Amino acid sequence: MQKKEQAIITKGLTKTYDKDVLAVDHLDLSIPNNTIYAILGPNGAGKTTTISMLTTLTEPTSGSAQIKGLNIVKEADKVRRKIGVTFQEIVLDPDMTGRESLDFHARLYGMNRSERSKKVDELLQLIELEEAADRLTKTYSGGMKRRLELARGLITDPEILFLDEPTQGLDPQNRMKIWDYIRTLKTNTNMTIILTTHYMDEAAALADRVGIIDQGKIVIEGSPDDLIDKMGADNIKIYGSGNAKKFLSKIEKLSYIENIDTSDDVMQIGVDKGNQRLVEVIRIANENGFSIDDISVSKPDLGDVFLKYTGRQLRDK
Amino acid sequence: MNKTYLLWQKQIKKIRIHPEEIIGMLIQPILWVVLFGVGMRSLMSGSSTNGNDYMTFMVPGIVALTAVSGAIAGGSTWLNERLMGVVKEYLVAPISRLSILMGNASSILTKVLVQSIIIFIVGVLMGAKLGSNPLGWIGGLVLVTGYGIGFSGIALAVASSTDSSEGYHMMIFMLQLPLLFLSNSLYPLETLPMWMRIGAYINPTTYIVTGMRQISLEATPGMGIPANIPLWLSFLVLAVFSILGMWLALKAFKKAIR
């Protein structure tokens, strides 16, 4: 049955607050097993509300959702056994040590002592918190807290892991670490990971599939590459010297050129598919006495995709 | 049950991080007995009641008051955990919602029972007369348990229905005053006007105080023990009260999750 292949299916999932604030608006999602799915959108788009419903914290106003074939309202307790969650805000008890936090969490799920201590040690090592493990979490930096929370979400070996804005407010170094852990999970486990983010580079770097959400609705969905490919018009940037005039006159005649722009020492050539056209552009330069010092193809990013489908900028780059 | 114990243990373990809480927990009841009790005793020693009898008379009232304070502090902890989001960790876990509440209520109760015992000890040192039957002491603690669970329930219910710490304390303060003064904990019922007496009869504080006077202390017969409140009634009222408190808390709690 199709249900089994899908980790999450939502049908018309809707949440209204105070009768008239529509946070999530008839959301239809279908997330296959063993994928990293990113819900990308600006703050206030309905990402956290969606996660709250899927993790059984809030009941939907209407519509339904299934996690591994289990109804999120009627079978909430069974759903809870299958999922791990990290929340947008840091929800660590400041009066517990890192090790205690992990151990407590494992006990909430009924793991036995030997299982627990093995798993706790293993995860402390993964997130590089062994030295700080016996300090109270209130002494931790933001990055350490995030890493500990990630470990906490993982300790029960969930089938589906929800990460709500996992790198919000982190410095680049800690962000990269979190990304690395998520990639490690992707290669080492069969976990399905749902992450929300308002960073487009994060969605592009981690996700197999991206759903762009705006005002409670998914506006477009697909793999990051497909979404960006659909944008067409790659930009080839060339720095160099030589017979620029002759080179450009040849280039102009090619069918796939969309626009040419020269300013100061850089040429920008808009083409349909940059990676495919690059070789020919380089060949033409060589044949026409233009020597290239530096050449690059820059693709449009998910921010541009967001702009295309919503008509608005995705801020917080 | 297992999960109730786990949550109880978490709250109790946290006390070690805050030694000021332990100190406050121990000193507060002592201050009540010594400052309030001794002051009132001097006031009463002129009247027909003997001073030491008044100390005996008021020890249960201080126990009730301490239980209410403990419940308020516990509700406050719960509110903080809710506002910080720590509660979400429990909520996404496959554990019953009732066990989350019971874990909190039982940790509050533990502290209250410890404080009650201190009050008894200090009360006796200050001249209160303890009952001779140890079973009666235990019976008194059973009454405290019912009362403590009931109030923890109310405090947790209020803490589940508000998102502001100020709002919580205002609502609780409104409850706290009549609970203490609209009862026979500080003065005998017979001296009260009718409307206050009616209030006292619907107040569970009257029942814990009356019950403890009958079994845990060597009270002068008749003093502060209304003839129409037999011992079994005290136990019944407090049993019902504890269930009611938990039910309220669970209801408010489930509503807060929606």
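Predicted model: local features only at pLDDT ≥ 70, side-chain atom pairs only at ≥ 80, totals over all residues.
1. Two strands pair if DSSP finds at least two bridges between them.

2. Start with strand β1 (residues 6-17) and strand β2 (residues 21-32) of chain A. Eight bridges join them, and they run antiparallel. One place to look is T10(A), which stands opposite L29(A) of β2(A).

3. Now check the turn. Three residues lie between β1(A) and β2(A) in this hairpin. Among the residues of the hairpin, D18(A) takes a positive phi near 50°.

4. Strand β1(A) also pairs with strand β4 (residues 62-67) of chain A. This pairing is antiparallel too, over five bridges. Here I9(A) has Q66(A) of β4(A) as its bridge partner.

5. Follow Q66(A) onward. It stands opposite N71(A) in β5(A). Two bridges link β4(A) and β5(A), again in the antiparallel sense.

6. What is the order of the four strands in the open sheet of chain A? The order is β2-β1-β4-β5, with antiparallel pairing. Strands β2 and β5 (70-71) of chain A are the edges, and each pairs on one side only.

7. Turn to the helices. Helix α6 (residues 142-154) and helix α7 (residues 172-188) of chain A pack at an angle of about 10°. Their axes are 10 Å apart. Angles under 35 degrees count as roughly parallel, so α6(A) is roughly parallel to α7(A).

8. Which residues make this contact? From α6(A) come G143(A), R146(A), R147(A) and L150(A). From α7(A) come N174(A), K177(A), I178(A) and Y181(A). By class, the contact of α6(A) with α7(A) has three nonpolar, two polar and three charged residues.

Definitions and conventions:
Residues numbered from 1 in each chain as written. Chains lettered and ligands numbered in written order. Axes fitted to C-alpha atoms, helices over the stretch in contact; angles between N-to-C directions. Parallel < 35°, antiparallel > 145°, perpendicular 65-115°, else oblique. Contact = placed C-beta atoms within 7 Å. Nonpolar A, V, L, I, M, F, W, Y, C, P; charged D, E, K, R; others polar.
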